[in-house]
Amino acid sequence: MNANEFVSDLRRAFPGNPGDLPRLRVRLAAAAQRDGILDVAYRTIDSPVGPLLLAATEAGLVRIAYASEDHDAVLQALADRISPRVLNAPARVDGAARELDEYFAGQRRSFDLPLDWRLSAGFRRAVLSHLSEIGYGQTASYAAVATLAGNPKAVRAAATACATNPLPLVVPCHRVIYSDGRIGRYLGGPEAKRALLLLEAAA
């Protein structure tokens with residue numbers, strides 16, 4: 001049983017004052033953090049491109065997910081790949097939430113967050129590690145990114161790396177497009193990608 005299922009069981013067993021549950025959740029998160037058993041903390045935030053799930057380990061931000069990815073499925077994948085000790089514990093990801101709010105408000109052009117890269121490996125990781133070199137408000141082609149990652153011929157693999165980026169927005173795969181100007185695939189969908197490019201262009 002993960003921590004969220006535990007809270008749900010408590011709610012069913014003790015259906016008292018609705019205000020008690022948030023306080024219980026905060027206490028549970030604090031205790032889990034104190035005892036070193038909070039492996040993945042998460043929260044959701046509202047944004048101009050829809051609700052976003054933010055998840056972090058002790059090493060740093062490990063996942064940002066759009067609603068279209070199904071947040072419950074993403075949490076299950078984190079439990080399967082990292083640890084079943086996953087809990088809605090906003091404090092660990094408050095910094096990421098704040099920086100994303102600043103980004104959407106046009107007040108931030110880069111992110112200063114520790115990142116946990118464990119969900120990316122090999123050439124995909126190499127591609128993602130170079131995306132921060134694409135300046136705010138700029139774009140680069142998948143071919144150019146493949147070259148930066150050390151394999152100019154791996155354009156399709158570079159596109160796949162961007163399309164499966166576990167940390168969209170913070171690792172700016174939305175700035176990578178096709179050489180002919182087509183938007184390309186994006187986890188949040190093409191409309192979200194266009195919205196982010198327009199946001200940066202307007203600033």
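This is a predicted model: local features need pLDDT of at least 70, side-chain atom pairs count only at pLDDT 80 or more; totals for chains, interfaces and linings use all residues.

How far apart should the ends of helix α8 (residues 190-202) be at 1.5 Å a residue, and how far apart are its end C-alpha atoms?

Reply: Start with the length. Helix α8 has 13 residues, and at 1.5 Å a residue they should span 18 Å. The expected span counts one less than the number of residues. In the model, the end C-alpha atoms of α8 are 18 Å apart, so the two values agree.

Now look at the sides. Five names to find are A192, K193, L196, L197 and E200, the buried residues of α8. They cover an arc of only 135 degrees around the axis, which means that they sit on the same side of α8. The spacing has a simple background. An α-helix has 3.6 residues a turn, so residues three or four places apart point the same way.

Next, turn the helix over. The face of α8 turned away from the buried side carries E191, L198, A201 and A202. These four are exposed. Note the letters on each side. K193 and E200 are among the buried residues, while L198 is among the exposed ones.

What lies over the buried side? The cover includes two strands, β3 (61-66) and β6 (176-177). It also includes two helices, α4 (94-104) and α6 (142-148).

Most residues other than glycine have a negative phi. D70 has a positive phi of about 75 degrees, although it is not a glycine. It is found in the loop between β3 and α3. D70 counts as partly exposed because its relative accessibility is 40%. L169 also is not a glycine, and its phi is positive at about 80 degrees. Its place is the loop between α7 (155-163) and β6. With 1% relative accessibility, L169 counts as buried.

Of the 203 residues in the protein, 44% are buried. Contacts reach along the sequence too. Take those between residues at least 6 apart in sequence: 61% of them join residues at least 24 apart.

Notes: Residues are numbered from 1 along each chain as its sequence is written. Side-chain values use heavy atoms; hydrogens and water are left out. Buried means under 20% relative accessible area, exposed over 50%, partly exposed in between (1.4 Å probe, protein chains only). The arc is that of the directions from the helix axis to the C-beta atoms. Contact means heavy atoms within 4.5 Å.
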